[in-house]
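I opened my notebook and kept the sequence beside the 3D view. Here is what I looked up, entry by entry.

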Amino acid sequence: MAFKSLLSVAGADHSDRDVRTAASLCAEVGAHLSVLILSPPPLVISPAPLNDGIAEWPRQRAHAIAALEKRYRQIGRFSQDAASLEKTSREIHKLLRATWRRYDVDFVGDQASVGDAVRARALCNDLTIVGSALLNDVNVGPLVINGSLFDTGKPVLVVPQGAEATLSPRRVLVGWDSRLEASRSVREALNLLAGAEEVRVAVVDPEATCAGKGAEPGADIAAYLTRHGARVSVDLLASAGKSAATVLAQHAIDTSADMIVVGAYGNRRLRERLFGGVTRWIVGKPPLPLFLAR
């Protein structure tokens, strides 16, 4: 499908780099940009320990004073968060008015509702962009992945630092293993694949199937993509004891790929593990956009 509406999620304490990346992608394909700004992480205040230098008789008074001080700090932090959200919103409006006029900006001030807020907006967008600022934020990143990828079935494009963000890749590497998630990633990326100059379907440690009447592994998905106008070849790769991610990353280097399309595995309970897997994928790997769906 063509991407006509993109979602970018940014923390109020993030730089504008991720929004700039999303805006450039929108300009490339003529899409609308929705920006969701998240409040900074909540301030966690530990309760004062009992009998810590306080005599026994004024304990209730000391606890009351401590509770009031905690409340004052919470009110102060709330005011700071509201001011930070407003400041970030103004800056993003100014940036987008100068670079891309088809946009809307919203914000969520309650960290507890981040997942629901991202989900509600991802449902009404074609693609969520996860940039380097989100990848570096272990508090917000998993919530965005969960809300946009697990709870909606919509795809996510991960753009690590140093990657050339594009929705018009010339060469695309597809990681294929005949699983549902891989099939969904291909379907969601179909417009990208059909427009690419070269699509390489990579099958790691392939196993011949009895249902295909002796057909080579990967031949079925290659035929499907060909019917949609993609120019496809199939590469059968041996892992030699390495992980599939490592093999795909090296093959992406060897074939000068501009993007990698793979299925995202796991479930909601393992969202942090998936997020950690994505970030580990980025470290030491070629800086390429990673298209995920499940």
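Among contacts between residues at least 6 apart in sequence, what percentage join residues at least 24 apart? I found 83% for the protein. I note that this is a predicted model.

**Overview.** I counted 10 helices and 10 strands in the protein. The chain has 294 residues, and 46% of them count as buried. I also looked up the accessible surface, which is about 15000 Å². Carbon and sulfur atoms account for 53% of that surface.

**Aromatic rings.** I searched the whole structure and got one aromatic pair. The partners are Phe 3 and Phe 291, with ring centres 6.2 Å apart. Their planes meet at 45°, so I call the pair tilted. Where do the two partners sit? Phe 3 is in the segment before strand S1 (5–11), and Phe 291 is in strand S10 (residues 290–293). The pair therefore ties together parts that are 288 residues apart in sequence. I checked burial too: both Phe 3 and Phe 291 are buried.

**Helix H8.** Next I turned to H8, residues 219–227. Ile 221, Ala 222 and Leu 225 are buried there. I looked down the axis of H8 and saw its buried residues fall within an arc of 105°, so they line one face of the helix. An α-helix has 3.6 residues a turn, so residues three or four places apart point the same way.

What covers the buried residues of H8? My list includes helix H6 (180–188) and helix H7 (190–195). It also includes strand S7 (198–204) and strand S8 (232–237). Last, I noted Gly 229, which follows H8 and has a positive phi, near 95°.

Definitions and conventions. Residues numbered from 1 in each chain as written. Predicted model: local features only at pLDDT ≥ 70, side-chain atom pairs only at ≥ 80, totals over all residues. Heavy atoms only, no water. Phe/Tyr/Trp six-rings, centres within 6.5 Å; stacked < 30°, edge-to-face > 60°. Helix = DSSP H or I, 4+ residues; strand = E, 2+ residues; numbered from the N terminus. Buried < 20%, exposed > 50% of the residue type's maximum accessible area, 1.4 Å probe, protein only. Arc of directions from axis to C-beta. Contact = heavy atoms within 4.5 Å. Areas by Shrake-Rupley, 256 points an atom, 1.4 Å probe, with all protein chains shown as cover.
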